[in-house]
Amino acid sequence: MPIPFELTLGWRYTRAGRATRRNGFISFISGVSMLGIALGVAALIIVLSVMNGFQKEVRDRMLAVVSHIEIFAPNGEALPDVARTLAEVRANPQVIGAAPFIATQALLARGEDMKGTLVRGIDPAREPDVTDLAVDLKDAALARLVPGEFGLVLGGELARSLGVQPGDKVTLVSPSGQVTPAGVVPRLKQMTVVGTFDSGHYEYDSTLALMHIEDAQRVFRLEGPTGVRVRLKDLHQARTVAAELAGTMTDNLLIRDWTRQNRTWFAAVQLEKRMMFIILTLIVAVAAFNLVSTLVMTVTDKRADIAILRTLGASPASIMGIFVVQGAMVGVIGTLGGLALGLAVAFNIDVIVPAIEQLLHTTFLPRDVYLISRMPSEPQQGDILPIALISLVLAFAATLYPSWRASRVNPAEALRYE
């Protein structure tokens, strides 16, 4: 099957100047446009992959402490029927684990230091079913939470701020006091620090304290657990499953999934990701529209060739097709080069960044500031395909006007001075 002459000539014009000095500058501008498109596409892929990696890293660290769904009674009261609630939750096919808990706020004091804390009463035997952190601590700190001994497992940052270590005593101040003739007096309970944890999420490491659920019931004078924590097969189905559970629960309970607990943070990340996409797309657009100047110069240089093709019977559409092919070739090669470069860097960023840090004798992500010491990256197909399509569309759009100008060249005028 013969190759259309438009495609052949378009490819030849794309390579113009490599063997002849006369068209060298045009070829240079074409190469710059191609390189600009490649760098813009690569930058988009790398930046969005790193942002996806950071989002996944923070999400995984958060879900090591927070369950996928929490079901709790209003006003911090005890659940009316814990067994019935657990049975109704486990009846959903998406649920793979459920555990009762107590959540309340309190103060921890040691000497003159006092910190506000979120106290979570847990069942050490069931908690590994709903959080990864409990799995890591099951044979260590959680095993030391024995009912009646009033032990606490503190977040690492909280323990450091109070200056305590395992074995030290702290005073737990309950917010709901007891009424005496002298007025309302807060309830105090001396607790023993039996362990610490570091989830990598500062918000929880600096405020969360774990204790046995039976001890929590005694300290806070509750009749039973205040809620149930749920783990799902697919964490991305949390909002759907929460809606399903809301329709099947017998008691009037509140349901909250992990996406709503940190809605502001995830919304901010998504907004930042969209803005970075728009800003970096402008780089691709600038490089793509450099094709306009390249093709205009090519059309001016090839006026005689165009006139000869017209006299040989080539239609205006064929002339336009030649220069569309030339611009499209630059866009396709630049886009493919950018995809290759961007994916190569995104998939090997854990090797590239340490090499640069070692070369420059610096650290891009200090662990005491960012809580992670490596640059995360997660390329996603949902980001890469739109980037490639936008790049190709911009490159094609940039060819339309110069190509139309080429199709309007008058053969007689072009050959007058040849």
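Residues are numbered from 1 along each chain as its sequence is written, and side-chain values use heavy atoms, with hydrogens and water left out. As this is a predicted model, local features need pLDDT of at least 70 and side-chain atom pairs count only at pLDDT 80 or more, while totals for chains, interfaces and linings use all residues.

**Overall picture.** The protein has 16 helices and nine strands, taken as DSSP runs numbered from the N terminus (helices: H or I, at least four residues; strands: E, at least two). Of its 418 residues, 46% are buried, meaning under 20% relative accessible area with a 1.4 Å probe, protein chains only. Take the contacts (heavy atoms within 4.5 Å) between residues at least 6 apart in sequence: 80% of them join residues at least 24 apart.

Two packed helices are described by the angle between their axes and the distance between the axes. The axes here are lines fitted to C-alpha atoms over the stretch in contact, and angles run from 0 to 180 degrees between N-to-C directions.

| Helix pair | Angle | Axis distance |
|---|---|---|
| H12 (316–347) and H15 (381–407) | about 155° | 8 Å |
| H11 (303–311) and H12 | about 145° | 10 Å |

H12 and H15 are therefore roughly antiparallel, a label for angles over 145 degrees. H12 passes H15 in a right-handed crossing, that is, the near helix is turned clockwise from the far one by less than a right angle. On the H12 side, the residues in touch with H15 include Phe323, Gly327, Gly331 and Leu339; among those H15 brings are Ala388, Leu392, Phe396 and Trp404. By class, this contact of H12 with H15 has 17 nonpolar, seven polar and no charged residues. Here Ala, Val, Leu, Ile, Met, Phe, Trp, Tyr, Cys and Pro count as nonpolar, Asp, Glu, Lys and Arg as charged, and the others, Gly among them, as polar.

The crossing of H11 and H12 is right-handed too. Ile306, Leu309 and Arg310 of H11 meet Pro316, Ile319, Ile322 and Phe323 of H12, giving six nonpolar residues, no polar and one charged. Within H11, Ala304, Ile306, Ala307 and Leu309 are buried. Just after H11, glycine 313 takes a positive phi of about 110°.

**H3.** In helix H3 (residues 82–90), Thr85, Leu86, Glu88 and Val89 are the buried residues. Seen down the H3 axis, they fall within an arc of 165°, so they line one face of the helix; the arc is that of the directions from the helix axis to the C-beta atoms. Their cover includes strands E1 (69–72), E2 (95–110) and E8 (227–232), along with helix H8 (238–248).

Key:
Parallel < 35°, antiparallel > 145°, perpendicular 65-115°, else oblique. Buried < 20%, exposed > 50% of the residue type's maximum accessible area, 1.4 Å probe, protein only.
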